[in-house]
Amino acid sequence: MSPKRGDRVTVPPPDGEWDVRFGTGDAARGWEELCRLALANTRRCLDLLRSDPRSCANHGRQHRLRGELATRKHNGRDLEQWEYEVTSGGRVRYLIDGDDRTVWIVYASPRHPKDTDG
């Protein structure tokens, strides 16, 4: 059965880690495609999202989006939107719900999103 919106990306998180879930069906399908094309990098992304989704240790690979992309509404709430560079073109965008310690993946694809071009 293919993952869908609301599903966990993987097994429940151990104590102290964040729950990572798919925020959209497209993100779930894109995640599967990223796994097929760049499994090791996608796994590193998941590990970081579970442990420290706001990490600034590698700003070139992981950062909060700016401007109108800095937040996105999910389940009626405005949440911080971040991006992780999985490959040179592949990206994962996610929202951080600090109240529930949940990361919502809202975009995952081996192709760069066009809304940050130019």
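A residue is called buried when its relative accessible area is under 20%, and in this predicted model Phe-22, at 1% relative accessibility, therefore counts as buried.

**View 1. The aromatic pair of Phe-22 and Trp-31.** The structure holds one aromatic pair, and its two members are Phe-22 and Trp-31, whose rings are arranged edge-to-face, with 6.4 Å from centre to centre and 65 degrees between the planes. A pair of aromatic rings is described in this way, by the distance of the centres and the angle of the planes. Like Phe-22, which is buried, Trp-31 has a relative accessible area below the 20% limit, namely 4%, and so it is buried.

**View 2. The largest nonpolar core.** In soluble globular proteins, nonpolar side chains tend to be buried together. The largest nonpolar core of this model has 20 residues, and those that touch the most other members are Trp-31, Leu-49, Val-92, Tyr-94 and Ile-105. At least two residues of this core come from each of strand E1 (19-22), helix H1 (25-37), helix H2 (39-51), strand E4 (77-85), strand E5 (91-97) and strand E6 (102-109), while H1 gives the most, with four residues. Val-92 shows how such a residue is surrounded: when neighbours within four places in sequence are left aside, its contacts include Trp-31, Leu-34, Cys-45, Leu-49, Trp-82, Ile-105 and Tyr-107.

**View 3. Helix H1 and its buried residues.** Helix H1 has 13 residues and reaches 19 Å from its first C-alpha to its last, which is close to the 18 Å expected at 1.5 Å a residue. At the start of H1, a side-chain oxygen of Thr-24 comes to within 2.9 Å of the backbone nitrogen of Ala-27. Gly-25, Ala-27, Ala-28, Gly-30, Trp-31 and Leu-34 are buried in this helix, and the buried residues of H1 pack against E1, H2, E5 and E6.

View 4. Side chains of opposite charge can pair when their charged atoms come close. Arg-29 forms a salt bridge with Asp-26, in which the closest N and O atoms are 2.4 Å apart; both residues lie in helix H1, three residues apart, or about one turn of the helix, and both are exposed. A further salt bridge, at 3.3 Å from N to O, is made by the side chains of Arg-111 and Glu-33. Because Arg-111 lies in the segment after E6 and Glu-33 in helix H1, this pair ties together parts that are 78 residues apart in sequence. Arg-111 is partly exposed, with a relative accessible area of 48%, and Glu-33 is also partly exposed, with 24%.

View 5. The side chains of Glu-85 and Arg-91 meet in a salt bridge of 3.7 Å, N to O. Glu-85 counts as partly exposed at 22% relative accessibility, whereas Arg-91 is buried, with a relative accessible area of 8%.

**View 6. Glu-80 and its surroundings.** Glu-80 is found in strand E4, and its side chain is joined to that of Arg-54 by a polar contact of 3.0 Å. Apart from neighbours within four places in sequence, Glu-80 is in contact with Arg-54, Arg-64, Ala-70, Tyr-94, Leu-95 and Ile-96.

Key:
Residues are numbered from 1 along each chain as its sequence is written. This is a predicted model: local features need pLDDT of at least 70, side-chain atom pairs count only at pLDDT 80 or more; totals for chains, interfaces and linings use all residues. Side-chain values use heavy atoms; hydrogens and water are left out. A nonpolar core is a set of buried Ala, Val, Leu, Ile, Met, Phe, Trp, Tyr and Cys residues joined through side-chain atoms within 4.5 Å. Buried means under 20% relative accessible area, exposed over 50%, partly exposed in between (1.4 Å probe, protein chains only). Contact means heavy atoms within 4.5 Å. A polar contact is a pair of N or O atoms within 3.5 Å; within protein, one must be able to donate a hydrogen and the other to accept it, and residues adjacent in sequence count only if both atoms are side-chain atoms. Rings of Phe, Tyr and Trp (its six-membered ring) pair if their centres lie within 6.5 Å; planes under 30 degrees apart count as stacked, over 60 as edge-to-face and the rest as tilted. The expected span of a helix is 1.5 Å times one less than its number of residues. A salt bridge is a side-chain nitrogen of Lys or Arg within 4 Å of a carboxyl oxygen of Asp or Glu.
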